[in-house]
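Student: I have a structure open and would like to talk it through. Could you help me read it?
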Amino acid sequence: MLVSNWRAVVKHAWSIRFMVLALLCIIIEPIYTFVAATWVSRNIYIQLAMSAITGLLAVAAIIARIFVQQKISGELNGKPPAEG
């Protein structure tokens with residue numbers, strides 16, 4: 001069930017921002033691999049860096065999801081989710 005202010009949560013939540021950045025890294029990595037295989041010699045360090053950045057962004061999203069943000073929390077005013 002969605003919280004009542006889901007648009008504000010999506011707009012301001014750091015966990016969403018980190019997950020979007022991780023998604024972009026996941027999308028860019030195979031594109032880079034294709035381009036590197038056709039035009040340039042592949043560099044293993046760039047692939048390792050892309051994987052490390054993706055992992056770190058995923059961890060940051062998990063951590064950001066745990067902490068309550070003061071500006072927008074997505075709380076249901078003390079009600080359980082079934083009553084939201």
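Student: Which residues in α2 meet which residues in α3?
Tutor: From α2 the contact includes Trp14, Phe18, Met19, Leu21, Ala22, Cys25, Ile26 and Tyr32. From α3 the residues include Ile46, Met50, Ile53, Thr54, Leu57, Ala61 and Arg65. Contact means heavy atoms within 4.5 Å.
Student: How do the residues of that contact divide into nonpolar, polar and charged?
Tutor: There are 17 nonpolar, five polar and two charged residues in the contact of α2 with α3. Ala, Val, Leu, Ile, Met, Phe, Trp, Tyr, Cys and Pro count as nonpolar, Asp, Glu, Lys and Arg as charged, and the others, Gly among them, as polar.
Student: What sort of model is this?
Tutor: It is a predicted model, in which local features need pLDDT of at least 70 and side-chain atom pairs count only at pLDDT 80 or more, while totals for chains, interfaces and linings use all residues. Residues are numbered from 1 along each chain as its sequence is written, and side-chain values use heavy atoms, with hydrogens and water left out.
Student: At what angle do the axes of α2 and α3 cross?
Tutor: The axes of α2 (residues 14–38) and α3 (residues 44–66) cross at roughly 165° and come within 8 Å. Axes are lines fitted to C-alpha atoms, for helices over the stretch in contact, with angles from 0 to 180 degrees between N-to-C directions. The two helices are therefore roughly antiparallel to each other, a term for angles over 145 degrees.
Student: Changing topic, how many helices and strands are there in the protein chain?
Tutor: The protein chain has three helices and zero strands, in the pattern α-α-α along the sequence. Helices (H or I, at least four residues) and strands (E, at least two) are DSSP runs, numbered from the N terminus.
Student: Is Thr54 buried or exposed?
Tutor: Thr54, which lies in helix α3, counts as buried at 14% relative accessibility. Buried means under 20% relative accessible area, exposed over 50%, and partly exposed in between (1.4 Å probe, protein chains only).
Student: What does Thr54 touch?
Tutor: Leaving out residues up to four places away in sequence, Thr54 touches Ala22, Cys25 and Ile26. A polar atom of the Thr54 side chain also lies 2.8 Å from the backbone oxygen of Met50.
Student: And what is the relative accessible area of Ile26?
Tutor: Ile26, in helix α2, has a relative accessible area of 47% and is partly exposed. C-alpha to C-alpha, Ile26 and Met50 are 8.2 Å apart in space, and they are 24 residues apart in sequence.

Conventions. Parallel < 35°, antiparallel > 145°, perpendicular 65-115°, else oblique. Polar contact = N/O pair within 3.5 Å; in protein donor to acceptor, adjacent residues only side chain to side chain.
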